Amino acid sequence: MKSTFMHDIAIDNLKALFNQLENEKQYQPDWLFHLRSRAFENFLIHKFPTKKDETYKYTSLEPHFSGKLTYLSQTKCSNINIDEVFKCDVPSLDTHLIILVNGWYYASSQQELLHETSDGLIYGSLREVTNKKPELIKPYFAQSSRTINNFLDDLNLSFMQDGLFVYIPPQARLEKPIQVINLVVADEAVQIYPRHLIISESSHLTQILFCDHSLNISPFVMNGTMEIYLKDNAKLSFYRMQNAHNHSIQLTNNYITQSHQSEFKSVYVTLHGGVVRNNIFVQINGEEAKNSMYGLWLADKNQHIDYFTHVNHNKPASESNQFFKGILDDEATGIFSGKIFVAKDAQKTNAYQSNKNLIISQNAKVRSKPQLEIYADDVKCSHGSATGKLDDDAMFYLRSRGISHKESCQLLMFAFASDITNQIDIDPLKEEIETLVDKRLRGELSRCNRCSISCT
Amino acid sequence: MNSEDIIQNLTQSDYKYGFTTNIETETFPKGINEDIIRRLSEIKGEPSFMLEWRLKAFEYWKQMEMPTWAHLKIPPIDYQEIIYYAAPKKNKAPESLDDIDPELKKTFDKLGIPLEEQKQLSGVAVDAVMDSVSIKTTFKETLANLGIIFCSMSEAIREHPDLVKKYLGSVVPYTDNFFAALNSAVFSDGSFVYIPKGVRCPMELSTYFRINAKNTGQFERTLIIADEDSYVSYLEGCTAPMRDEHQLHAAVVELIALKNAEIKYSTVQNWYPGDKNGKGGIYNFVTKRGICKEENSKISWTQVETGSAITWKYPSCILKGDNSIGEFYSVAVTNNYQQADTGTKMIHIGKNTRSRIVSKGISAGYSQNSYRGLVKIMKNADNARNFTQCDSMLLSDKCGAHTFPYIEIDNPTAIAEHEATTSRIGEDQIFYCNQRGISTEDAVGLIVNGYAREVLNQLPMEFAVEAQKLLQITLENSVG
Amino acid sequence: MLTIKNLKAQINGKPILKGINLEIKAGEVHAIMGPNGSGKSTLAAVLAGRDYVEITSGEVLFMGQNLLDLAPEERARMGIFLGFQYPVEIPGVSMVSFMRTAVNEIRKYRNLPPLNSSDFLKYMREKKELVEIDTQLTHRSVNEGFSGGEKKKNEIFQMAMLEPKLAILDETDSGLDIDALRIVANGVNKLKSPDNAYLVITHYQRLLDYIIPDVVHVLYDGRIVKSAGKELALELEEKGYDWIKREYQKI
């Protein structure tokens, strides 16, 4: 009975919010309003997934939407003085810096909302583009995300605030990475719905880096959606570091659509977060496209980290690789559920998936669900999953050289994690993340940047 | 002949056990209700506890819905259109071989399962089950001298009610799932085995299941108890006539291994798979589960699954006793429009428990073949180990091969490893064989058998050869 | 330096060492030979502190301390070094960070300040030259992808780095070609001093052509059944172990 009751509360709250935003005319223009109403209708039909839903077998999100969650307006968030509360201090990391505060694009002036270069490259606020250049985004916006039933995207689209927009025309080159700092700074419990859209048609490598941070310890639910479209031959690398506090609910929905000979690489590192769910959906719609994904989560206390991937090979001769690793301490739970799907005609597909977990405490838990669904015969597909403790032989070898038990554990855990961190191609970022991982594994505070609070 | 054609040929060879036996059959009217269950229990001469149990199961089943989570397309089944009891007509129970209808004897002869002990493979005792009843159990006396009970389930319920009462439903309760509930309500026969303390069963025990009658469902129940320090190897085989309609087979098998005991359970499943267009065939929805109840016990499942229109089963092990071992070796072949969603569950409860899973899927034609497995290591299962190897081979570009493992680990000293690959027979492998003078068809046979070797090697010797042939026949002219 | 008194040990309940007595003094080289399965590697494992071996009785004193009470890393810091028969591969742990951690832990034990990065690299370079080891090896993860010979050379290099008091070389010669064998043996000879001691475990006499032992022991069925000078090794090479077995069985 209780759960039904909570269920209703969560849905009623969301209904009220939707009506409120509609009344406030938050949903203009019309085509956007149309999309958003349909998304919300879809949510009301399917509601929250139950544990019987294979997709959410190990993670129940409904209770997190049942409490009082404030939806902050844009004006409320633009009053914050960013320089006072935050400065990214990764040394020698030179980026185009974009800051989102509680889901809203932070710009000190109108001009900063949208940047356009001489070769046609555009980046800036998604909401600004929606209003100013709708023709640019209409063929893409919510196209990939709506093909898969996902209540989190329903909600994101229903309540979408703002986010990053990037368009890279053929031959254009982004000289330095775009860095998005996704900040949460609120003194009450809030719900946040950022949405991002990235389109690349350029064979020059684009690097995009997302850092999720919280600046104080108010609980929040952040449910973000990102759509990335890589046209023929486009190349993009995406890095995401999740490092918000342990009372946060961080939900991300990532949709990657790849065309002919495109190359996409992503590295996710989850250091902190109360409940984290990362949905990654890849559609390979072009031949000879290549997708590589790497993920690392370090979880302790009551953290609950759930990575869910789905890679669809719809065209022949493409390649995908997934490497996901978790280290679980205390009472933490780490979940990996990944699928390789090979369509009937996607011959010569080469797909690999690996999930490895280390359990280092009595009460930590691991759930691993690597899956293959194959409908073509001339393919090479495999997966592996291994969960266990640190290798006894390696431990003894290190200790026999005089290295303490604790330090030997540390060395081996760091080595375990380095398979993933080594995949970060931006050196200063890699070094910073390695330092954070090292500190995190030592149980020290792993604050990067001058956060005003600790992450633990 | 190119490899495509060979696949065609291999997969389209005829089902050799598709004949029907003309024999007078006593059947119940179609459908399931309390009266049917009461009548069944009465015919069997069951004690009242059995009837009560059946009725409880039936009540429970009525509240349930058929699960839909498997990667299977199952047309709706009308449970009131099924005949729940069919038995060859007889005036009295057969006292000796002479009392058995010659037609029946001929049937089993034709299936290669002669009921005369002297004609049998030495070292194999057989319980032959036709439709809903056990026809004859061989070597009963030889076994009885060692204290081994090997008889039909009906007989066990009458003659050994204490054992049955204690263990029936103890591993698979009727509440376990939809088909287990149905089976508990209506099972008509099956085999019962009890191996007493310290006895190593000197011969293979075997049950041969045959569906003959039309429109009937087969619901048998098998219960094997291996007492302390005992050992038994058990094998089941099954076939059915070719019929256009689908027939439901929903069996339950329960294994109990006590301290230091070992049970080896092998299945060669060759129910009628339907024709090449997917018409007819058996729905094989079976619950098989064993418990290593006490320390140092071992349960090993080996299955060669080639038949049935749809196979849906997960022979499982509950590793409760410390140091107990569970094994699952499986070859599942699907061809034409067959579907299979099969695998295992290994539940590690005790300390130092070990499990090993080797699954080899082979899909051809338009078939869908899924491995689904759960490895669960509970909080107190210190030093538990699991290794899973799960391979799929695709023999056509129209079939599917899928792998759905679930790995759940709650203990820091446990190690669970899972590996899966998907492949097809390489042109270069076939060419290599061709170049050495081997025909493509033989090459395919060689390669598929090599691929399945690790599993076939687990079968008792008497059946390994048969299983190997069966593999080749199922895929005959279909591999390449 | 090392005193072993009536040491008995078992693995999974099966007795392997059945009463070992051995005394090694500073400056000495002892060789332990014996047929397969006689307990040679188990003895090495016990001395280094491997926990799968269960000590059932006896004691081991090292520099006057009861060795068996100590954790493997404590033994290493006191100066026990085990050259592994099968050095384990540790992907992701670089040789440099591994060795620096180890060297500084041992320095700390010896009340020496830790080496900074440049001093450490210099120290490492010196030792590499001393034992004629390929520079490339130290740029990789510990033993990862090393050939059999490279792994064994890496053990000797680590020994040079850690400057142990007692080095136990467990079948360091197995799997080595003659050139690698010479490099390994030269390394040992260069590192030999009146302050340290060696316990060389080997199956063949070959290595002892290069590393001349002061005493040769024959281990058979968990006991030292014969001890003599270096000529014993030659005798074993010539006659095999059968005569030892026969002699032992008579007793």
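## Salt bridges across the interface

The count between chain A and chain B is four salt bridges in this structure, which is a predicted model. One of them joins the side chains of Arg367(A) and Glu408(B), with a distance from N to O of 3.8 Å, and this pair falls within the 4 Å limit that a salt bridge requires.

## Strands that meet

Arg367(A) stands opposite Glu408(B), a residue in strand 22 of chain B.

## Polar contacts and the side of chain A

Between chain A and chain B, 16 residue pairs are in polar contact, with both residues of each pair at pLDDT 80 or more. On the side of chain A that touches chain B, the elements that give two or more residues are strand 20 (365-374) and strand 21 (380-388) of chain A. Strand 20 of chain A gives the most to this side, with 10 residues. Sorted by class, the side of chain A that touches chain B has 12 nonpolar, 12 polar and 12 charged residues.

## Extent of the interface

The size of an interface is often given as the accessible area lost when the parts come together. Between chain A and chain B the buried area is about 2800 Å², and carbon and sulfur atoms give 47% of that area. As for the residues that take part, the contact draws 36 residues from chain A and 36 residues from chain B.

Key
Residues are numbered from 1 along each chain as its sequence is written. Chains are lettered from A and ligands numbered from 1 in the order in which they are written. This is a predicted model: local features need pLDDT of at least 70, side-chain atom pairs count only at pLDDT 80 or more; totals for chains, interfaces and linings use all residues. Side-chain values use heavy atoms; hydrogens and water are left out. Contact means heavy atoms within 4.5 Å. Buried area is the accessible area (1.4 Å probe) that two parts lose on being put together, summed over both. A polar contact is a pair of N or O atoms within 3.5 Å; within protein, one must be able to donate a hydrogen and the other to accept it, and residues adjacent in sequence count only if both atoms are side-chain atoms. Helices (H or I, at least four residues) and strands (E, at least two) are DSSP runs, numbered from the N terminus. Ala, Val, Leu, Ile, Met, Phe, Trp, Tyr, Cys and Pro count as nonpolar, Asp, Glu, Lys and Arg as charged, and the others, Gly among them, as polar. Two strands pair if DSSP finds at least two bridges between them.
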